[in-house]
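Student: I have a structure to go through. Can we take it piece by piece?

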Protein chains: 2
Amino acid sequence: MEHGVDFAALAAGSGERPRTASEFVQRVLRAAILDGRIPPGTPLRQEALAEAFDMSRMPVREALRQLEAQALLEFTPHKGAVVAEISIQDQADTYLIRRALEPVAFARSIPHLTREDLDRAEDLVDDMDREPDHGRLGELNRRFHMSLYARAGSPKLLRLIERQLVEHDRYLRFHLARLGRDRMSQEDHRAMIAAAADGDISAATCVLHRHIDVAATESDRSFQYEKQ
Amino acid sequence: MEHGVDFAALAAGSGERPRTASEFVQRVLRAAILDGRIPPGTPLRQEALAEAFDMSRMPVREALRQLEAQALLEFTPHKGAVVAEISIQDQADTYLIRRALEPVAFARSIPHLTREDLDRAEDLVDDMDREPDHGRLGELNRRFHMSLYARAGSPKLLRLIERQLVEHDRYLRFHLARLGRDRMSQEDHRAMIAAAADGDISAATCVLHRHIDVAATESDRSFQYEKQ
DNA sequence: CATTTGTTGATTGGATCCAATTTTTACTCT
DNA sequence: AGAGTAAAAATTGGATCCAATCAACAAATG
């Protein structure tokens, strides 16, 4: 229990197992890193993880390599992996990237959005109002945004945006801890749906721009608050 | 030699070896995939690669996993890895992403560019004029662009852009095969340096926008030409 | 006393072997 | 002959073992 993280508990309670052990480890660790259960800087010892997951070191190694390629870990040869640090700079960069990419996807998607797409987006906003678990808000928020961009016809762009939203989750919990769910700008979300329903691209992207900018400045405060 | 790729030759002639065998394999395969020596769709058999690189299957496996996380391979459990396909859609998306991200980085970088940065950028443009090997033009072009964005103060944004430029390399050779180096818009490159030297952000980003748009439409033609 | 040099323990990198899964081949039955 | 099925081959996933490397500490030397 060197670093206060109960890896065995992580390994135990976690949905259905994928086909391979390696992928299982990868998903569990990924989720735990994103929501902060494994804090930045934690060294991940292969032997300890293998024992906690009750398997050999090999699938653990493969999982760690994949997480490294996703920039969630940092490897040093013969020294092993540590959870990548988070920083206010990184958070700011995430918003900078989202601000550049998401309006493009939104603008390209709006002309092809169907009634079903908009209904699904609205359902997700409602779900967010009801969801009691802060940890799951990130996923709902992500699915909401992605549902509005889904018709952009640019799979690679969408994958990239989704990745930014996932990395954003690493910081979202600070935001929620300080302000709670109420300030998650549900009005912005509904305004985006309305503008998209009207086919008003400039209005929609304008709301989105503001939405991301507000989130950026608020999250900046939340991060500084968290770190004193 | 099932798929006409001489893996042993790849393994043999390739610069200095990194610390670990896994990283060596990763770099060699990555370079070969990017410049098309291993064509899209090629299945990568662990046993064959291990023999070609004269090592066991294990470092090969780790390398393949990392390349998968970089979206250069696609894995199917118990079936193995194949080189990711390229498509005109993917190429278009790459330009869409570059168009959204690079001007942001350039605008943020310009106020902090030093004389040395600009000199280095100019050297790289000159190098591109002289470089006889088409395969290396991609790297020089990448380094040129990155040198202009280097002072943006957004490491994560820069990593993302560099990744796009690397993936761009997979398509660049079609462009060069059709038009040759002459049309690589060296004038744009020099115009970008000049505008940056003047501190004229809007002029610089304008040139960059046009530069990317022209490259996008030309590359689109090159791709269709290549595939008939 | 500071610095350097072995030495030991811990940890990762790599090799080899075994198990699980998929694909192919061969065979049977209609 | 053709479809379906069972056995065999090929290939990947996982376990175990050994080697290489790094960190910490002790001892020797200036």
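Tutor: Start with one term: contact means heavy atoms within 4.5 Å. Leaving aside neighbours within four places in sequence, B:Arg65 is in contact with A:Glu62, A:Gln66 and B:Phe75.

Student: Before going on, what kind of model is this and how are things labelled?

Tutor: This is a predicted model, where local features need pLDDT of at least 70 and side-chain atom pairs count only at pLDDT 80 or more, while totals for chains, interfaces and linings use all residues. Residues are numbered from 1 along each chain as its sequence is written, chains are lettered from A and ligands numbered from 1 in the order in which they are written, and side-chain values use heavy atoms, with hydrogens and water left out.

Student: Back to B:Arg65. Which helix is B:Arg65 found in? And is B:Arg65 buried or exposed?

Tutor: B:Arg65 is found in helix H4, residues 57-69 of chain B. Helices (H or I, at least four residues) and strands (E, at least two) are DSSP runs, numbered from the N terminus. B:Arg65 has a relative accessible area of 15% and is therefore buried. The cut-offs are under 20% relative accessible area for buried, over 50% for exposed and partly exposed in between, with a 1.4 Å probe and protein chains only.

Student: How many helices and strands does chain A have?

Tutor: Chain A has ten helices and three strands. Along the sequence the pattern is α-α-β-α-α-β-β-α-α-α-α-α-α. The radius of gyration of chain A is 19 Å, close to the 17 Å from the globule rule for 228 residues, so chain A is as compact as a globular protein of that length. That radius is taken over C-alpha atoms, and the globule rule is 2.2 Å times the number of residues to the power 0.38.

Student: What does the C-alpha trace of chain A span?

Tutor: About 55 × 40 × 35 Å along the principal axes. Of the 228 residues of chain A, 51% count as buried. Among contacts in chain A between residues at least 6 apart in sequence, 73% join residues at least 24 apart.

Student: And the charges?

Tutor: Chain A has 32 positive and 38 negative side chains, with the centres of the two sets 4 Å apart. Lys and Arg count as positive and Asp and Glu as negative, while His and the chain ends are not counted. Each charge is placed at NZ of Lys, CZ of Arg, CG of Asp or CD of Glu.

Student: Which residues touch the most other members of the largest nonpolar core?

Tutor: A:Tyr149 and B:Tyr149, in a core of 74 residues. A nonpolar core here is a set of buried Ala, Val, Leu, Ile, Met, Phe, Trp, Tyr and Cys residues joined through side-chain atoms within 4.5 Å.

Student: What about B:Arg170, buried or exposed?

Tutor: B:Arg170 counts as buried, because its relative accessibility is 8%. B:Arg170 lies in helix H8, residues 155-179 of chain B. Its contacts, leaving aside neighbours within four places in sequence, include B:Ile33, B:Pro40, B:Leu72 and B:Glu85. The C-alpha atoms of B:Arg170 and B:Leu72 are separated by 10.0 Å, and the two residues are 98 apart along the chain.

Student: Where are B:Ala71 and B:His78?

Tutor: B:Ala71 is in the loop between H4 and strand E2 (73-76) of chain B, and B:His78 is in the loop between E2 and strand E3 (80-83) of chain B. B:Ala71 has a relative accessible area of 41%, so it is partly exposed. B:His78 counts as exposed, because its relative accessibility is 81%.

Student: Last one, A:Asp213. Where does A:Asp213 lie?

Tutor: In helix H10, residues 201-226 of chain A. At 29% relative accessibility, A:Asp213 is partly exposed.
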